[in-house]
There are 2 protein chains.
Amino acid sequence: MSNLKGRGHCQSCQIRHLSIFAQLPMDRLIEIQAFQPSVVTYAADETVYYQGDASLNAFTLRKGLVKLIKTLPNGRTQIVRVLRTGDLFGFDGFAGESYNHTAIPLSEIEVCRLPLAELTELKKQNAEIENTMMKRWIQHLREAEDMMLELGAKKAAERLASFLIRWCENNNGGWVPLPLSRAEVGELLGLTIETVSRFLSDWKRQGFLNEQRGSIQLENVDGLRKAVCANGSC
Amino acid sequence: MSNLKGRGHCQSCQIRHLSIFAQLPMDRLIEIQAFQPSVVTYAADETVYYQGDASLNAFTLRKGLVKLIKTLPNGRTQIVRVLRTGDLFGFDGFAGESYNHTAIPLSEIEVCRLPLAELTELKKQNAEIENTMMKRWIQHLREAEDMMLELGAKKAAERLASFLIRWCENNNGGWVPLPLSRAEVGELLGLTIETVSRFLSDWKRQGFLNEQRGSIQLENVDGLRKAVCANGSC
DNA sequence: CGGCTAATTGAGACTTCTCAACTCCAGTGG
DNA sequence: CCACTGGAGTTGAGAAGTCTCAATTAGCCG
């Protein structure tokens with residue numbers, strides 16, 4: 001089961017600069033000392049919440065990665081987002097809605113559990129929080145639009161290549177952890193395990209990338225791009 | 001060219017109940033009288049703004065329909081959203097970003113042009129506006145997630161059927177305007193013109209739906225669902 | 001080492017796209 | 001009023017892409 005690690009203290013929080021409280025000046029931070037959200041850990045594959053659950057808490061991811069998924073009655077699954085440290089999720093309750101997706105850790109994670117009722121108050125009293133959240137929603141929306149373009153307008157190889165390139169950007173040619181199974185990459189890109197595997201194998205054979213134990217290295221991004229996205233498709 | 005129709009007066013606005021000012025009490029509305037956004041008309045296919053343009057204005061759609069599209073360098077296009085009366089769009093500037101998509105009318109439209117600088121002020125001073133906008137962003141995000149599931153996890157027929165069913169819901173078996181060409185339906189669902197046309201023709205022949213001059217009638221939703229979504233896939 | 005799961009690979013089926021021809025319809029101009 | 005025209009939609013045939021099923025291999029943990 002999930003495990004309550006204790007109460008969080010925003011003032012001393014290591015990842016506050018990544019959180020929705022990043023812009024909050026120190027004096028406000030001291031004032032809201034009373035707000036001590038729970039820090040909770042979840043094991044890999046231990047669901048944080050299910051689609052349809054009442055959205056009473058939002059979460060900030062402190063450690064690890066989380067996938068947000070939606071599932072069709074017939075079992076087909078789509079990953080709608082992969083969360084990283086500092087990301088806020090589970091805020092559907094702000095719109096009076098229940099969770100629209102299921103949140104599942106990709107590894108052991110640590111989150112900060114923020115009761116929406118309290119967060120609403122804080123947000124009301126601190127324009128910086130409100131503002132930071134707004135910017136994030138807009139960014140998420142933009143990313144979602146980008147993803148629709150990926151899913152709707154690109155072929156398998158293009159989707160996979162541009163996903164890898166995005167995943168590895170800012171790591172010029174180095175090794176990057178990719179803690180997603182073939183199945184999960186497929187669920188993210190709307191492809192089957194086999195299709196993902198085939199292209200990755202091809203590209204490894206062609207020397208575009210290397211892989212070992214959950215890490216990946218893009219050795220020749222330009223080559224990959226030229227081979228896959230001939231017409232500027234990714 | 002687009003045509004400035006005059007200044008809008010929120011107090012007397014016919015569609016205010018659908019806008020982000022819907023929750024604003026009348027006395028606040030009187031106070032913000034100075035805010036008189038421009039009402040502008042655009043002809044069909046006359047672009048409101050382009051992806052990449054600086055986002056200085058947001059818009060509220062007053063009349064007509066708008067499509068938001070993203071285009072790949074090779075010309076393939078994805079419609080990321082179809083807007084209806086009352087919808088707010090073009091707010092990327094709130095996050096310090098330029099427009100992430102191109103906004104094109106599907107027919108002659110009328111919009112209310114809201115300078116972001118002024119809207120920011122109003123929002124700051126009126127929690128109701130802030131709140132309404134927040135709810136809408138969250139709703140948009142939810143719809144975007146739903147769309148990712150459509151695009152990533154469903155087959156052509158399933159996407160098309162569930163699109164039609166959604167488009168026609170709340171119009172039990174009646175005629176519903178569908179001002180989208182086959183190409184546009186395709187761009188929305190990630191399909192080609194021909195694929196869209198084939199399924200629609202099939203379904204017309206099977207008596208699931210009728211069509212004439214830009215309107216559609218779902219005659220047998222259950223039949224359609226049973227034929228297409230056998231395993232609960234839409 | 002054995003046993004399990006994930007990943008790979010192949011073959012064939014199925015879906016969707018591409019290209020091309022044709023039809024239908026609305027609008028135009030004679 | 002009607003023939004013409006151009007665009008949108010339809011339909012067919014074949015190609016390409018992706019999936020499905022099945023067999024095999026690789027990698028990890030006990």
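Predicted model: local features only at pLDDT ≥ 70, side-chain atom pairs only at ≥ 80, totals over all residues.
Residues are numbered from 1 along each chain as its sequence is written, chains are lettered from A and ligands numbered from 1 in the order in which they are written, and side-chain values use heavy atoms, with hydrogens and water left out.

**The annotated spans of chain A**

Select residues 20–90 of chain A, which an unreviewed UniProt entry lists as "domain: Cyclic nucleotide-binding"; UniProt positions are given in the numbering used here, feature names are shortened, and annotations may be inferred rather than shown by experiment. The end C-alpha atoms of this span lie 14 Å apart, and the span is 8% helix and 38% strand, where helices (H or I, at least four residues) and strands (E, at least two) are DSSP runs numbered from the N terminus.

**The nonpolar core**

Now select Phe89(A), Trp203(A), Phe89(B) and Trp203(B), the residues with the most contacts inside the largest nonpolar core, which has 148 residues. Such a core is a set of buried Ala, Val, Leu, Ile, Met, Phe, Trp, Tyr and Cys residues joined through side-chain atoms within 4.5 Å, and buried means under 20% relative accessible area, exposed over 50%, and partly exposed in between (1.4 Å probe, protein chains only). Staying on Phe89(A), look for the residues that it touches, among them Val48(A), Tyr49(A), Phe59(A), Leu68(A) and Val111(A), a contact being heavy atoms within 4.5 Å.

**The largest pocket**

Move to the largest pocket, whose volume is about 1,100 Å³. Of the 36 residues that line this pocket, select Glu143(A), Asp146(A), Met147(A), Arg166(A) and Glu169(A), which are the closest to its centre. The elements giving two or more residues to the lining are β5 (77–83), α3 (127–153) and α4 of chain A, together with α3 of chain B, and α3(A) gives the most, with nine residues. On a 1 Å grid over the protein atoms alone, a pocket is an open set of points where a 1.4 Å probe fits, with protein on both sides within 12 Å along at least five of seven lines, and lining residues have an atom within 4 Å of a point. Grid points are joined across faces, edges and corners, and the volume is the space filled by probe spheres set on the points.

**Helix α5 of chain B**

Select residues 182–189 of chain B, helix α5, where Glu184(B), Val185(B), Gly186(B), Leu188(B) and Leu189(B) are buried. Their cover includes β4 (66–71), β5 (77–83), α3 (127–153), α4 and α6 (193–205) of chain B. After α5(B) comes Gly190(B), with a positive phi near 70 degrees.

**Asn170 in both chains**

Finally, select Asn170(A), which sits in the loop between α4 (156–168) and β9 (175–177) of chain A and has a positive phi of about 75 degrees although it is not a glycine. Asn170(A) is exposed, at a relative accessible area of 75%. In chain B, Asn170(B) has a positive phi near 75 degrees and is exposed, at 74%.

Terms used. Lists of a residue's contacts leave out its neighbours within four places in sequence.
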